[in-house]
Amino acid sequence: MYEADAEAVTENVRSLMRQIPHPLTVIVAQDPASGSPPSGLLVSSFNTVTLHPTPYISFNLKLPSTTYDAIKASRTFTASAVADVQLAKDFLLDKKADRYVEIMRSNVCDRRDGMLKPGRGAIWWMRCQWAEQMSQPVGDHVIVVAEVLGASYYTGLDGQDGSSEKALLYAKGKYRIAGPSIAEE
């Protein structure tokens with residue numbers, strides 16, 4: 001019943017978890033001492049941990065990570081919910097690629113707080129402070145935990161906030177949007 005082969009278990013877990021939709025969130029941090037552009041990436045593991053007495057969120061990052069290095073250096077970052085496939089693809093780009101700096105400059109504001117530019121396909125933002133003592137390395141990843149310092153909707157180029165937008169999800173290897181509710185509450 002249980003598989004002894006670690007590789008088979010890994011592949012089974014991957015296959016099973018692909019069935020569950022995961023929210024796509026861009027994480028952007030800026031190392032204030034480096035003078036380099038912000039570092040960002042797309043995660044599908046963003047969650048709230050608790051709302052009371054203080055809101056905390058978590059997500060997982062594969063190590064090594066230049067974004068995690070920037071989070072550690074600055075102790076802060078901004079998380080943004082993604083509603084646009086192109087924005088998601090932009091933040092999947094390999095940081096060694098020639099276009100990476102261009103992608104970061106075209107999507108991220110110059111305020112060095114990790115906020116995305118208006119109309120770039122994000123719904124809401126959360127400004128967070130890294131909770132170093134609560135974060136935990138696990139295998140080749142780290143579970144990042146952070147306190148939410150502020151949160152709101154982005155305002156689009158049309159002046160409307162993102163409250164009516166639907167967040168992008170990832171399931172079964174494809175980008176998706178949640179459909180209508182199927183059960184009464």
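1. E11 is partly exposed, since its relative accessible area is 36%, where partly exposed covers the range between buried (under 20% relative accessible area) and exposed (over 50%), with a 1.4 Å probe and protein chains only. The model is a predicted one, in which local features need pLDDT of at least 70 and side-chain atom pairs count only at pLDDT 80 or more, while totals for chains, interfaces and linings use all residues. Residues are numbered from 1 along each chain as its sequence is written, and side-chain values use heavy atoms, with hydrogens and water left out.

2. The side chain of E11 meets that of R14 in a salt bridge, at 2.4 Å from N to O; a salt bridge here is a side-chain nitrogen of Lys or Arg within 4 Å of a carboxyl oxygen of Asp or Glu. Both residues belong to helix α1 and stand three residues apart, about one turn of the helix, helices being DSSP runs of H or I with at least four residues and strands runs of E with at least two, numbered from the N terminus. R14, at 37% relative accessibility, is partly exposed.

3. By the salt-bridge rule the count comes to three. One of them joins K72 to D69, with the closest N and O atoms 3.8 Å apart, and these two residues lie in helix α2 (residues 66–74), three residues apart, about one turn of the helix. K72 is partly exposed at 37%, and D69 is partly exposed at 41%.

4. Which residue forms a salt bridge with E132? The partner is R75, the closest N and O atoms being 3.1 Å apart. This pair links distant parts of the chain, with E132 in the loop between β7 and β8 and R75 in the loop between α2 and β6 (76–82), 57 residues apart. E132 has a relative accessible area of 39% and is partly exposed, and R75, with 34%, is partly exposed.

5. A search of the whole structure finds five aromatic pairs, that is, rings of Phe, Tyr and Trp (its six-membered ring) whose centres lie within 6.5 Å, called stacked if the planes are under 30 degrees apart, edge-to-face if over 60, and tilted for the rest. Among them, F46 and F59 are stacked, 6.4 Å centre to centre and with 15° between the planes. F46 sits in the loop between β3 (39–43) and β4 (47–50) and F59 in strand β5 (residues 56–62), 13 residues apart. Both F46 and F59 are buried.

6. Y68 and W130 form an edge-to-face pair, 5.9 Å centre to centre with 85° between the planes. Y68 lies in helix α2 and W130 in strand β7, so the pair ties together parts that are 62 residues apart in sequence. Y68 is buried at 9% relative accessibility, and W130 is buried at 7%.

7. W130 also has a polar contact of 3.0 Å with S135, side chain to side chain; a polar contact is a pair of N or O atoms within 3.5 Å, where within protein one must be able to donate a hydrogen and the other to accept it, and residues adjacent in sequence count only if both atoms are side-chain atoms. S135 is found in the loop between β7 (122–130) and β8 (136–138) and, at 8% relative accessibility, counts as buried. A polar atom of the S135 side chain lies 3.0 Å from the backbone nitrogen of V145.
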